[in-house]
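Subject: Handing over the structure

Hi,

Here is the structure I promised to pass on. Please open it next to this email and follow along as you read.

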Amino acid sequence: SRRRHTRLQGDWSSDVCSSDLYSNYTILCYPILSKCNAQFVRDVSFNSVNQSVVYKIKVTQCSKCEEERLTENYVLVPRFPSNYNVTYDISYVNLN
């Protein structure tokens, strides 16, 4: 990885932008509208036989709330081959 020669003290962006992060990992994201006080359980599984990745998100939320919030649900995973199929499995649990 290459570093910039000039950078501000405490400027971590140059480290992130020039690191090997992008060659070793993949970022998955699935935006979800949920009620206030939502909790998320995230799980990613890989299947090399089926060449697939499943990103599961379980959303537990308050059913009484009217307000909705957008959560991006980013997760950093080890890089996988580009021919793998990514699917998303989203489930909701509403609490009273």
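Below I go through what was found in it, starting with the ground rules.

This is a predicted model, so keep in mind that local features need pLDDT of at least 70 and side-chain atom pairs count only at pLDDT 80 or more, while totals for chains, interfaces and linings use all residues. Residues are numbered from 1 along each chain as its sequence is written, and side-chain values use heavy atoms, with hydrogens and water left out.

**The core**

Start with the largest nonpolar core, which has 11 residues: Leu28, Ile32, Val44, Val53, Tyr55, Ile57, Val59, Val75, Val77, Phe80 and Tyr84. A nonpolar core here is a set of buried Ala, Val, Leu, Ile, Met, Phe, Trp, Tyr and Cys residues joined through side-chain atoms within 4.5 Å. Buried means under 20% relative accessible area, exposed means over 50%, and partly exposed is in between (1.4 Å probe, protein chains only).

Strand S4 (52-62) and strand S6 (75-78) each supply at least two residues of this core, and S4 gives the most, with four. Strands (E, at least two residues) and helices (H or I, at least four) are DSSP runs, numbered from the N terminus. S4 is mostly covered, with eight of its 11 residues buried.

Leaving aside neighbours within four places in sequence, Val53 is in contact (heavy atoms within 4.5 Å) with residues including Leu28, Val44, Phe80 and Tyr84.

**Who pairs with S4?**

Two strands count as paired if DSSP finds at least two bridges between them. Strand S3 (residues 39-47) runs antiparallel to S4, over nine bridges; Asn47, for instance, has Ser52 in S4 as its bridge partner. S3 and S4 form a hairpin with four residues between them, and Gln51 in the turn has a positive phi of about 50°.

With strand S7 (residues 85-95), S4 pairs in the parallel sense, over 11 bridges. Look for Ile57, whose bridge partner in S7 is Ile90.

**Cysteines**

There is one disulfide, meaning a pair of cysteine sulfur atoms within 2.5 Å. Cys36 and Cys65 form it, with their sulfur atoms 2.5 Å apart. The pair links distant parts of the chain: Cys36 is in the loop between strand S2 (32-35) and S3, Cys65 is in the loop between S4 and strand S5 (68-71), and they are 29 residues apart. Both Cys36 and Cys65 are buried. Cys62 is in no disulfide, and the nearest cysteine sulfur, that of Cys65, is 3.3 Å away.

**One salt bridge**

The count of salt bridges (a side-chain nitrogen of Lys or Arg within 4 Å of a carboxyl oxygen of Asp or Glu) also comes to one. Arg69 forms it with Glu67, the closest N and O atoms being 3.0 Å apart. Arg69 is partly exposed at 41% relative accessibility, and Glu67 is partly exposed at 45%.

**Aromatic rings**

Finally, there are four aromatic pairs. Rings of Phe, Tyr and Trp (its six-membered ring) pair if their centres lie within 6.5 Å; planes under 30 degrees apart are stacked, over 60 edge-to-face, and the rest tilted. The rings of Tyr30 and Tyr88 have centres 4.9 Å apart and planes at 35°, so this pair is tilted. Tyr30, Tyr55 and Tyr88 form one aromatic cluster.
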